[in-house]
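This report examines how a protein chain holds its ligands. Please look at the sequence and the structure before reading on.

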Amino acid sequence: MDCLFCKIVAKEIPAEIVYENDAVLAFRDIQPVAPTHILVIPKKHIATANAIDASDRSLMGEMFLAAKEVARLEGLSERGHRLVMNVGEGGGQSVFHIHLHVIGGRDVSWPPG
Ligand code: 5GP
Ligand code: ZN
């Protein structure tokens, strides 16, 4: 499958991996928008949050548990950080393999741009 993040899972494209288990992978975003910017992805290809189904219930939980662990490893947990998932083109998604952005290390504003 011609998917950038599946290629990162397969280690065909290099990435700076910060956390990995059987279900998920976390690696640094190539164009960080904050001092810490990490993407948490399932190893299974799912295009968007609109493509999940009931069989992905525990996998979605794995993504949040991994994001928590990434925040701990990066020292973000105490100050707080932002978890973002862009969904579809209209939601700002550019890579169609579901991913959670872990963004931290600077002040953030609301609403986002
Ligand atoms: P989206 O816009 O889909 O929510 O987020 C996709 C993210 O993937 C962007 O923040 C972008 O910088 C990142 N990205 C795109 N290509 C690569 C790549 O080849 N390697 C890494 N590590 N990140 C990438
Ligand atoms: Zn994929």
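Which residue has a polar backbone atom 2.7 Å from an oxygen atom of ligand 1? In this predicted model, the residue is S94.

## Surroundings of ligand 1

A polar backbone atom of V95 lies 3.0 Å from an oxygen atom of ligand 1. N86 takes part through its side chain, a polar atom of which is 2.8 Å from an oxygen atom of the ligand. On its own, ligand 1 has 520 Å² of accessible area, and the protein covers 84% of this.

In total, 16 residues surround ligand 1. The closest are R28, D29, N86, S94 and H101.

## The zinc site

Ligand 2 is a zinc ion. The arrangement is tetrahedral because the angles subtended by the four donor atoms run from 106 to 116°, and four donors count as tetrahedral if all angles lie between 85 and 135 degrees.

## Donors along the chain

The donors of the zinc ion are spaced along the chain as C-x2-C-x38-H-x51-H. C3 belongs to the segment before α1 (4-9), whereas H97 sits in the loop between β4 (82-84) and β5 (100-104), so this pair ties together parts that are 94 residues apart in sequence.

Are these two residues buried or exposed? C3 has a relative accessible area of 6% and is therefore buried. H97 is likewise buried, because its relative accessibility is 0%. The cut-off for a buried residue is under 20%.

Terms used. Residues are numbered from 1 along each chain as its sequence is written. Chains are lettered from A and ligands numbered from 1 in the order in which they are written. This is a predicted model: local features need pLDDT of at least 70, side-chain atom pairs count only at pLDDT 80 or more; totals for chains, interfaces and linings use all residues. Side-chain values use heavy atoms; hydrogens and water are left out. Donors are N, O and S atoms within 2.8 Å of the metal (3.2 Å for Na, K and Ca); water is not among the atoms, so sites may look incomplete. Four donors count as tetrahedral if all angles lie between 85 and 135 degrees; four count as square planar and six as octahedral if opposite donors are over 155 degrees apart and all others between 65 and 115; anything else is irregular. Helices (H or I, at least four residues) and strands (E, at least two) are DSSP runs, numbered from the N terminus. Buried means under 20% relative accessible area, exposed over 50%, partly exposed in between (1.4 Å probe, protein chains only). A residue is near a molecule or strand if one of its heavy atoms lies within 4 Å of it. A polar contact is a pair of N or O atoms within 3.5 Å; within protein, one must be able to donate a hydrogen and the other to accept it, and residues adjacent in sequence count only if both atoms are side-chain atoms. Accessible areas come from the Shrake-Rupley method with a 1.4 Å probe; for residues, only the protein chains shown count as cover.
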